[in-house]
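Please work through each task with the structure open before reading its solution.

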Amino acid sequence: MRIGKYEIKHPIIQGGMGVGISWDQLAGNVSKEGALGVISSVGTGYYRNMSENVQVVMRKDKPKDAMNFYSRESFFEIVANARKICGDAPLACNILYACNDYGRMVKDACEAGINIIITGAGLPTNMPEFTQDFPDVALVPIVSSARALKLICKKWKKYNRVPDAIIVEGPLSGGHQGFKYEDCFKEEFQLENIVEPVIEEAKNWGEDIPIIAAGGVWDKKDIEKFQAKGCTGVQMATRFIGTYECDAHANLKNVLLNAKEDDIKLGKSPVGLPARSVRTNLQFSMENNTAPKVQCISNCVAPCNRGVEAKAVGYCIADRLGAAYNGDEDTGLFFTGANGYKIDKIISVKELIEKLTQGE
C-alpha cells in the first residue's frame, strides 16, 4: 500500500484511539511489523512515561485546559519512543478535527517527524494550510460519504492538494460516528454501500487515490472483501486493543475481554455525535443520577462548548476516557467497535498481523 511517498508492506492501518490506547508502544510495534502504526494526539497530557523535564499542569489529577490536555512535549516524547521501536518505517498520527488547537497539533505532528496525518471527527477543509512547510507529509481525511469527499477536495484546491489517501468509515466503528443515530442502522449507510460511491468520487480528483475501508473490519476475509470492491486497504482499531503492546490499561482490555455483544451500544456524546462503547457502570450511574459531577477542566473539544454539552449528556468525555486509561472500571468510558466482543484473548501485534495477512 502506498500513501503519498510512503510504502507500507501490509494494506492495514491501525486506527488511532485517543487518550492512551494507541501511543508509542502500539503504533511503534504496528509500524515495525509492516502495517501502519497510528499515534493518537488526543489527551497526551495523560501520558504516563513522560520524562521529568516535561511539565503538564494538572487540576484534580486532570490536564488543565487545552494546552495541557494535548501536551506538545508529551506528544514529542510519544513519537520519539515510537521511533525507537519502528525506526524509519512510516508512522502516522490521528488528529481529530473537533479538537481545540487543531492547527497547532498538525504543525507539531509535522515537526515531530510524523509521515502521515489522518483526520476525522469533522471535515478537515483547511488541513493543508498547516502542512505547507512539510510537503512530504501525506494527508488522509476520514469521510463517511462521497459528498463529504467532494467538499473537502473542492476546499483543498486553493492549496493545490488532493488527499494522499481517503479513509471511508462506516457506522460499526468504535467511538464517534459520522452519521445521525438512526442512520447508523440503515442499510444504505453501511460500509459496504458507502465505499463504492467514494471510490467513484475520488476518480474525479486524481489517479489511483488509495481508498481505505474502516468500521467493523475484523479479519482477513473482511480485508479481501473490501479489496475486491476496489479498496487499497483497511483501517482497523478495536482488534488492536487485544494486543500486549496496546498502551491501554489492563483493566480496559479486560472490559473488552468480558464484554458480550449486547453490552456494546451507541450512546450520546458531548461532541454531538453518537458514540459506540461498552455499557458499564458509567452508563448505569448516569441513569441513576450517581455519575461523577461534570466539570470542564480540560476544554478538549470545541463542540462541547466548555462543558455545556457534557452537562447535557451527563458526562465529560475527557474525564471519562482519562478514567478508562487509568483503569477505573467504575467511572471509565470504554470505546469499542461493534465487534469488540469478539476479542477473547490478548496476543502480540506480530501474531495479530500474521493472522490478518495469512489467515483468521
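**Exercise 1.** In this predicted model, determine how many disulfides the count comes to, and account for the result at C99 and C316.

*Solution.* The count comes to 0 disulfides, where a pair of cysteine sulfur atoms must lie within 2.5 Å to qualify.

Step 1. Begin with C99, whose sulfur has its closest cysteine sulfur in C300, at 7.1 Å, and that is too far for a bond.

Step 2. Turn next to C316, for which the closest cysteine sulfur is also that of C300, here at 5.7 Å, so this pair is again too far apart for a bond.

**Exercise 2.** Describe how helix α5 and helix α6 are arranged, and which residues meet between them.

*Solution.* Step 1. Locate the helices, with α5 spanning residues 146–156 and α6 spanning residues 191–202; their axes come within 8 Å and cross at roughly 25°.

Step 1. Classify the angle: because angles under 35 degrees count as roughly parallel, α5 is roughly parallel to α6.

Step 2. Assign the hand, which for the crossing of α5 and α6 is right-handed.

Step 3. List the residues that meet, namely A146, L149 and K150 from α5 on one side, and P197, V198, E201 and A202 from α6 on the other.

Note on methods:
Residues numbered from 1 in each chain as written. Predicted model: local features only at pLDDT ≥ 70, side-chain atom pairs only at ≥ 80, totals over all residues. Heavy atoms only, no water. Axes fitted to C-alpha atoms, helices over the stretch in contact; angles between N-to-C directions. Helix = DSSP H or I, 4+ residues; strand = E, 2+ residues; numbered from the N terminus. Parallel < 35°, antiparallel > 145°, perpendicular 65-115°, else oblique. Left-handed = near helix turned anticlockwise from the far one by under 90°. Contact = heavy atoms within 4.5 Å.
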